[in-house]
Amino acid sequence: MKGVKRRDFLKLSGTTLIGLTMGSAALRAHAKEILTTENQAAQALKYTPSSTVEGANCANCMYVQGKEGDEHRPCMLFPNHLVNAKGWCSGWVKRPN
Ligand code: SF4
């Protein structure tokens with residue numbers, strides 16, 4: 001009887017762990033939406049996913065985060081979103097070399 005309870009506990013623990021892992025992954029995926037020009041904050045900062053400013057884009061901005069070379073990267077000015085590496089907004093500041 002005691003062994004069965006322990007087995008049930010282990011099954012439940014495993015299921016709970018899988019549920020928590022999947023829930024966490026879903027939250028992370030939700031937390032990093034690609035920023036669009038529909039976003040009010042993006043509009044306020046004149047964000048565009050395709051920069052028209054010579055030599056200035058998200059990839060060389062000091063506020064961009066994430067991995068060099070990724071098409072979409074986190075930005076400190078737009079939490080929970082990913083910006084296009086070729087994008088731009090009025091918050092752009094050249095990343096120091
Ligand atoms: S601050 Fe603006 S230009 Fe800089 S990475 Fe973020 S969205 Fe791009």
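1. Start with a facing pair of residues. In this predicted model, H72 stands opposite N84 in strand β3. Look for H72 in strand β2, which covers residues 72-75, while β3 covers residues 78-84. The two strands pair in the antiparallel sense, and 4 bridges link them. Between β2 and β3 there are 2 residues, and the two strands form a hairpin.

2. Now widen the view to the sheet. β2 and β3 belong to an open sheet of 3 strands, in the order β1-β3-β2, with mixed pairing. The edge strands are β1 (33-34) and β2, and each of these pairs on one side only.

3. The protein has 2 helices and 3 strands. Of the contacts with a separation of 6 or more, 62% are between residues 24 or more positions apart. The protein has 97 residues, and 20% of them count as buried.

4. Next, which residues have the most contacts inside the largest nonpolar core? They are L35, C58, C75, F78 and V83, in a core of 14 residues. Strand β3 gives the most to this core, with 3 residues. Nonpolar side chains tend to be buried together in soluble globular proteins.

5. You will find G87 in the segment after β3. Is G87 buried or exposed? G87 is buried, because 25 other C-beta atoms lie within 10 Å, and the cut-off for buried is 20 or more. Not counting residues up to four places away in sequence, G87 touches Y47, T48, P49, S50, S51, N57 and C58. G87 and A56 are 31 residues apart along the chain, yet their C-alpha atoms are separated by 8.5 Å.

6. Finally, check two backbone angles. Most residues other than glycine have a negative phi. K46 has a phi near 55°, a positive value in a residue that is not glycine. N80 is not a glycine either, and its phi is positive at about 70°. Where do they sit? K46 is in the loop between α2 (40-44) and β2, whereas N80 lies in strand β3. K46 counts as exposed because it has 12 C-beta neighbours inside 10 Å, and 12 or fewer is the cut-off. N80 has 10 such neighbours inside 10 Å, so N80 counts as exposed as well.

Terms used: Residues numbered from 1 in each chain as written. Predicted model: local features only at pLDDT ≥ 70, side-chain atom pairs only at ≥ 80, totals over all residues. Pairing = 2+ DSSP bridges. Core = buried A, V, L, I, M, F, W, Y, C linked by C-beta atoms within 7 Å. Contact = placed C-beta atoms within 7 Å.
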